[in-house]
Amino acid sequence: MSVERKEFGTMPDGRTVYRYILSNSSENEVHILTLGATLHSFIVDDKNGNKTDVLLGFDTVEDYLEKSDYQGATVGPVCNRIGNAAFSIDGVEYKLTANEKDVTCLHSGGEYSFVVWNAMVIDSDTVEFSYISPDGLNGFPGTINNSVTFKFTEENKLVIKYSAVSDKDTFINLTNHAYFNLNGFDSGDILSHSIMIDADKVTAVDTMSIPTGENFSVDGTVFDFRQPKLIGKDIDADNEQLGFTGGFDHNFCINNWDKTLRKCITAESDVSGLKLNVYTDLPGVQFYAGNFLKGICGKEQKPMNKRSGFCLETQYYPDTPNKSEFPSCFCKAGEEFVSQTVYEITLAE
Ligand code: BGC
């Protein structure tokens with residue numbers, strides 16, 4: 001294993017953004033940027049031995065700052081949506097930035113994804129990124145000491161460990177927003193990828209994509225991915241939930257959640273022969289099929305069209321701070337939030 005640091009670009013205020021490259025002995029690589037602790041590239045051999053970068057992203061700092069749909073970014077302190085951009089702790093209401101339609105708070109207003117994180121090489125296979133978010137940032141209580149470590153292995157496993165400690169009671173729900181295309185970032189849509197998600201239930205949302213509080217059974221619905229199914233098979237089916245979100249963009253409640261790290265999702269493409277296995281210790285995953293991508297140019301000026309990448313954002317359920325019936329992501333002052341997600345890429349058998 002080896003780690004290398006290269007300059008990636010410059011922030012508007014002149015600070016340098018670095019790219020850390022973790023490589024294994026098969027010359028497969030993971031690239032992470034200090035900007036947003038962003039997973040920039042995941043490069044592996046496909047079934048024909050061609051090096052394939054399976055992540056959507058951009059080539060410049062300017063593009064990340066101006067055009068991003070959170071490609072590869074670390075998101076926090078609370079990812080996904082919070083209804084009415086507010087929550088309460090001990091009877092005190094906290095008003096958050098309403099960055100979506102002036103009503104809801106999406107990805108906490110985005111700061112974590114677009115600031116420069118400090119980086120420290122821990123080992124030849126591990127880099128740690130850290131960021132202290134100030135009390136009151138976008139309305140969230142607590143000065144929060146965040147760290148995300150990325151470890152890459154000889155088996156093409158990318159192990160992501162999240163840690164956060166706040167000096168005030170708060171909510172923490174960190175995730176990564178990588179968009180995968182197992183045929184390569186420049187290879188069209190992901191509709192012919194198959195995916196399997198170990199989830200009997202999915203979180204119902206309203207027209208603003210805010211959970212209603214109900215988790216419905218996937219039995220007999222287009223949301224049943226318990227056996228591998230092509231993403232494109234039902235994505236445009238006449239279904240109220242899909243209509244609200246323009247395609248799959250829902251939280252899947254992972255079966256038998258017990259806070260241990262478990263493999264719960266696999267995705268596969270026949271074209272490249274690549275398979276993605278996702279392990280997490282979290283209770284949910286937002287399966288987002290890239291429905292809102294609009295053809296903005298990314299890496300090598302290739303357009304990222306609608307559904308050219310899919311995200312598997314492991315997390316506590318959306319709007320958890322306002323839903324006492326969901327597993328809680330409440331974090332007491334001084335207590336450490338920890339969680340782990342692994343993205344592993346193998347050749348399909
Ligand atoms: C959401 C999508 C949103 C995307 C980019 C995902 O987490 O589920 O609705 O378009 O983030 O912000």
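**View 1. Lining of the second largest pocket, by residue class and by position.** In this predicted model, the residues that line the second largest pocket divide into 9 nonpolar, 2 polar and 5 charged. The lining comprises 16 residues, and those nearest the centre of the pocket are K259, Y316, S328, F337 and V338. Two or more lining residues are given by each of two elements, strand 29 (330-331) and strand 30 (336-347), and the largest share, 4 residues, comes from strand 30. The space within the second largest pocket amounts to about 290 Å³.

View 2. Strand 30, which contributes 4 residues to the lining of the second largest pocket, pairs with strand 14 (residues 157-166) in the antiparallel sense, and 9 bridges connect the two. Within this pairing, V159 has V342 of strand 30 as its bridge partner. Strand 30 also runs antiparallel to strand 24 (residues 274-280), to which it is joined by 7 bridges; here L274 has L347 of strand 30 as its bridge partner. In a regular strand, side chains alternate between the two faces of the sheet.

**View 3. The largest pocket and the residues around its centre.** About 480 Å³ of space lies in the largest pocket, whose lining is made up of 26 residues, with R81, E100, L106, H107 and F292 the closest to the centre. The elements that supply two or more residues to this lining are helix 4 (240-245) and strand 25 (284-288). Sorted by class, the lining of the largest pocket holds 8 nonpolar, 11 polar and 7 charged residues.

**View 4. F310 within the largest nonpolar core.** The largest nonpolar core has 75 residues, and the members that touch the most other members are F42, I195, L276, F287 and F310. When residues up to four places away in sequence are not counted, F310 touches A178, Y179, F180, I190, H193, I195, I231, A267, L276, F287, Y288 and A289.

Key:
Residues numbered from 1 in each chain as written. Predicted model: local features only at pLDDT ≥ 70, side-chain atom pairs only at ≥ 80, totals over all residues. Heavy atoms only, no water. Core = buried A, V, L, I, M, F, W, Y, C linked by side-chain atoms within 4.5 Å. Buried < 20%, exposed > 50% of the residue type's maximum accessible area, 1.4 Å probe, protein only. Contact = heavy atoms within 4.5 Å. 1 Å grid on protein atoms, 1.4 Å probe; cavity = no way out; pocket = protein on both sides within 12 Å on 5 of 7 lines; lining within 4 Å. Points joined across faces, edges and corners; volume = space filled by probe spheres on them. Nonpolar A, V, L, I, M, F, W, Y, C, P; charged D, E, K, R; others polar. Pairing = 2+ DSSP bridges.
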